[in-house]
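This briefing is intended to be read beside the sequence and the coordinates.

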2 protein chains.
Amino acid sequence: MPQTKFGEINIPSRLLTSTGPVNVHPRVYKAMMTPVIGYGEAPFLPVIDGISSMLSEVFKTKESLCMALSATGSAGVEAGMISLLEEGDTAIIGSYGFFCQRMAEMARRQGATVIEVKGEWGKALPPEAISEELKKHRSVKLIGMVHAETSTGIKQPLDQIAKLAIEHDALFVVDAVTSLSGSNIEVDNWGIDYISSGSQKCLSVPPGLAPCAVSPKAMAAIKSRNQPPRSWYLDLELISNYWGKDHVYHHTVPMSMLYALYEGLRLVLEEGMEERIARHERNAAALRAGLEALGLRVISDENHRLPQITPVEIPVGIDEAAVRGILTDEYKTEISRGLGEFAGKIWRIGLMGETSNAGNVMFLLNALERILPKQGYEVPLGAAAAAASKTLSTA
Amino acid sequence: MPQTKFGEINIPSRLLTSTGPVNVHPRVYKAMMTPVIGYGEAPFLPVIDGISSMLSEVFKTKESLCMALSATGSAGVEAGMISLLEEGDTAIIGSYGFFCQRMAEMARRQGATVIEVKGEWGKALPPEAISEELKKHRSVKLIGMVHAETSTGIKQPLDQIAKLAIEHDALFVVDAVTSLSGSNIEVDNWGIDYISSGSQKCLSVPPGLAPCAVSPKAMAAIKSRNQPPRSWYLDLELISNYWGKDHVYHHTVPMSMLYALYEGLRLVLEEGMEERIARHERNAAALRAGLEALGLRVISDENHRLPQITPVEIPVGIDEAAVRGILTDEYKTEISRGLGEFAGKIWRIGLMGETSNAGNVMFLLNALERILPKQGYEVPLGAAAAAASKTLSTA
């Protein structure tokens with residue numbers, strides 16, 4: 001065989017207790033080996049219809065059209081902004097973390113007037129802050145909120161803000177990249193008009209797709225725009241023509257990723273949404289108990305903690321990158337650094353999808369118990385495991 | 001194991017002599033089983049750098065930054081339009097097929113004045129048509145052309161139009177979705193400022209990525225915009241911060257697809273670009289000879305024929321969908337229908353990447369020889385195989 005200077009891919013197997021991507025079930029990898037086939041062929045369409053149906057169950061919606069956009073999670077958020085906003089519109093975006101700021105940036109690029117309602121990083125935004133802002137405007141097209149703020153580990157309550165959106169005839173748009181299938185989401189009951197996620201978080205599928213749900217009200221808003229959306233590729237109306245029952249060609253969809261998502265969603269429904277959410281809560285609680293037993297502080301407001309992401313304050317004097325380096329090199333384990341305001345101040349530990357299991361919690365706590373003393377931070381030996389174990393046994 | 005109502009994926013193995021996706025090499029499928037890992041981790045970055053380097057060889061450029069965008073081929077074309085055009089700009093787009101029209105639509109959505117220079121479907125556009133149009137405008141920001149028009153089977157010559165772009169200080173933008181690695185492309189020599197492709201055509205990787213190359217002049221144009229591009233996700237400057245040497249986080253890239261592209265590009269370089277292009281030409285010539293021996297007419301202008309896509313006129317009285325149906329059902333083989341002006345008038349037979357081999361040509365010709373008489377179209381038995389075989393042996 002002729003050789004080139006580019007060698008074979010060589011990637012280690014790691015425990016991905018990071019903010020994502022997370023570990024992938026073998027059945028999902030296996031599904032990706034399914035041969036590609038034409039995007040409009042009869043044997044392929046059950047994959048599209050199955051994903052749409054299974055997403056309806058995961059998003060808890062009968063009203064909205066569920067699709068998986070052919071791009072990563074951030075494109076899902078942007079598809080909402082691009083499709084729903086145009087020049088002259090006013091948008092209110094809750095701002096309490098890095099991904100809130102990104103959503104606001106995406107909205108601004110549409111030429112809309114964007115008001116960022118600023119909250120504190122590490123806390124949820126009180127609905128009153130949105131309510132106060134709404135009083136200042138005659139017409140607001142859209143209220144955008146991040147459900148699971150990955151940069152701060154905060155789960156933002158949505159139901160009251162959804163009610164405000166209905167009262168003010170605004171569209172309610174949600175970034176659920178990190179929350180979908182790890183936290184409860186009720187699209188129909190809460191009244192969410194557009195919500196999007198990523199395949200690589202709690203769904204435990206490789207990154208590359210953005211599952212989303214578009215309400216009839218959102219679709220009507222797109223159809224009544226003055227100008228078409230600035231992107232043809234992320235135009236939710238055009239995309240819906242393929243995902244709807246007529247399956248009209250828009251672009252060649254990424255079949256291998258769709259096979260993966262189909263299998264990932266089967267795994268979600270086999271486990272059951274309630275049990276899956278409970279599992280995420282249980283393992284995160286054990287992790288927190290263990291971290292606190294190590295003397296570490298979890299900085300997210302305890303009333304609004306995400307089970308997916310646990311943000312841990314870096315103890316004074318500790319070289320945060322060195323600890324992450326030892327974890328990857330010696331323990332083949334990833335955790336994430338802080339972003340934005342929290343860069344250099346916190347680690348972010350993820351427990352999502354396949355990664356969220358009790359063994360991983362115990363392994364990671366033990367690794368930290370062994371690494372931190374070598375960095376000059378003394379810890380009580382065995383205490384973390386005891387605390388985590390007790391939490392798991394009583395949950 | 002708990003069961004859901006959603007069954008296991010069940011996709012037949014087919015010969016994909018269609019317009020794409022095409023058949024995938026087992027090494028590419030195997031690469032997709034490589035475990036996912038953090039997008040910024042040291043073991044992963046050689047995948048990014050390797051793809052960028054290998055794409056430089058395939059695009060024949062030392063000047064341009066090569067990347068693979070995290071979306072399908074059409075998003076690659078749109079990323080060029082979104083990043084390079086803004087309100088007040090004028091763009092000239094060659095229009096001689098379905099994908100030309102799509103490029104123009106993407107350009108219009110940026111608020112630019114878009115002039116479509118119309119040519120005839122099934123023929124290349126004479127450079128004079130662009131030259132004439134250029135004379136009418138004081139300033140043209142961009143000239144956009146489709147290199148391989150998949151809807152008509154035409155390979156558009158680019159070198160003279162590239163010279164016109166340089167003379168008029170316009171950016172030269174090329175859609176090479178169907179041509180990359182199946183036809184010669186010389187980004188530096190011709191002077192292409194932005195070019196993009198898709199993973200699922202001649203590169204023979206599943207769909208989901210858009211390889212592209214951005215010249216320093218194009219990047220400078222993006223950096224000197226008055227307003228940021230309307231899309232954050234498809235903003236080539238932001239994306240280049242990750243693909244450049246600093247690997248700054250933009251979005252979570254789809255590692256499984258990138259593993260596939262890395263392996264697909266290794267296969268391209270192992271074969272060698274010249275031999276790969278010759279293989280595409282050889283097999284397409286054999287297919288054409290065989291089709292003509294069946295009495296069928298290839299409608300693309302013989303001076304500008306694509307080897308990737310052979311457009312065949314449907315004989316009078318033949319039910320075109322019925323023939324495609326028999327091919328898929330009985331022969332497990334896909335060919336494509338016509339698009340746009342050519343809908344219902346032609347079939348499009350693709351020979352790209354792994355699909356372009358002599359055995360597939362002979363198999364498909366024999367299948368047509370068996371199917372067409374049953375549809376009332378008599379053919380001389382054995383003539384197609386003889387003609388194709390002779391062409392292969394003398395090529």
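In this predicted model, the buried residues of α4(A) are covered by elements that include α3 (73–84), β3 (90–95), β4 (113–118), β5 (142–146), β6 (148–149) and β8 (171–175) of chain A. Chains A and B are in contact through 65 residues from chain A and 65 residues from chain B. Chain A itself is divided into domain 1 (26–270) and domain 2 (272–394).

**Helix α4 of chain A**

- Helix α4 of chain A spans residues 98–108, and its buried residues are A:Phe99, A:Cys100, A:Arg102, A:Met103, A:Ala104, A:Met106 and A:Ala107.
- The cover over these buried residues includes one helix, α3, together with strands such as β3 and β4 of chain A.
- A:Glu105 also belongs to helix α4 of chain A.
- A:Glu105 counts as partly exposed because it has 16 C-beta neighbours inside 10 Å, whereas a buried residue needs 20 or more.
- A:Glu105 and A:Tyr259 lie 154 residues apart along the chain, and their C-alpha atoms are separated by 32 Å.

**Contact between chains A and B**

- The contact draws 65 residues from chain A and 65 residues from chain B.
- On the side of chain A that touches chain B, at least two residues each come from α1 (26–32), α2 (45–59), α3, α4 and α10 (255–271) of chain A.
- The element that gives the most to this side of chain A is α10(A), with nine residues.
- By class, the residues on the side of chain A that touches chain B comprise 35 nonpolar, 20 polar and ten charged.

**Domains of chain A**

- The division of chain A places residues 26–270 in domain 1 and residues 272–394 in domain 2.
- The centres of domain 1 and domain 2 of chain A, taken over C-alpha atoms, are separated by 29 Å.
- Contact between the domains involves 24 residues of domain 1 of chain A and 23 residues of domain 2 of chain A.
- The side of domain 1 of chain A that touches domain 2 of chain A has nine nonpolar, twelve polar and three charged residues.

**Helices α8 and α9 of chain B**

- Helix α8 (residues 216–223) and helix α9 (residues 236–243) of chain B have axes that come within 10 Å and cross at roughly 125°.
- α8(B) and α9(B) are therefore oblique to each other.
- α8(B) contributes B:Met219, B:Ile222 and B:Lys223 to the contact, and α9(B) contributes B:Leu236, B:Glu237 and B:Ser240.
- The contact of α8(B) with α9(B) consists of three nonpolar, one polar and two charged residues.

**B:Gly338**

- B:Gly338 is placed in the loop between β13 (336–337) and β14 (346–350) of chain B.
- B:Gly338 counts as buried because it has 21 C-beta neighbours inside 10 Å.
- Apart from neighbours within four places in sequence, B:Gly338 is in contact with B:Ala343, B:Gly344, B:Lys345, B:Ile346 and B:Arg348.
- B:Gly338 and B:Gly76 are 262 residues apart in sequence, and their C-alpha atoms are 23 Å apart in space.

**Backbone features in loops**

- A:Gly20 and A:Pro21 are joined by a cis peptide bond with omega of about 5°, and A:Pro21 is in the loop between β1 (15–16) and α1 of chain A.
- In chain B, the peptide bond from B:Gly20 to B:Pro21 is cis with omega near 5°, and B:Pro21 is in the loop between β1 (15–16) and α1 (26–31) of chain B.
- A:Lys60, in the loop between α2 and β2 (65–69) of chain A, has a positive phi near 55° although it is not glycine.
- With 17 C-beta neighbours inside 10 Å, A:Lys60 counts as partly exposed.
- B:Asp169 is another residue other than glycine with a positive phi, near 50°, and lies in the loop between α6 (159–167) and β8 (171–175) of chain B.
- B:Asp169 counts as exposed, with 10 C-beta neighbours inside 10 Å.

Note on methods
Residues numbered from 1 in each chain as written. Chains lettered and ligands numbered in written order. Predicted model: local features only at pLDDT ≥ 70, side-chain atom pairs only at ≥ 80, totals over all residues. Buried ≥ 20, exposed ≤ 12 C-beta atoms within 10 Å, placed from the backbone. Helix = DSSP H or I, 4+ residues; strand = E, 2+ residues; numbered from the N terminus. Contact = placed C-beta atoms within 7 Å. Nonpolar A, V, L, I, M, F, W, Y, C, P; charged D, E, K, R; others polar. Domains from an automatic or database assignment. Axes fitted to C-alpha atoms, helices over the stretch in contact; angles between N-to-C directions. Parallel < 35°, antiparallel > 145°, perpendicular 65-115°, else oblique.
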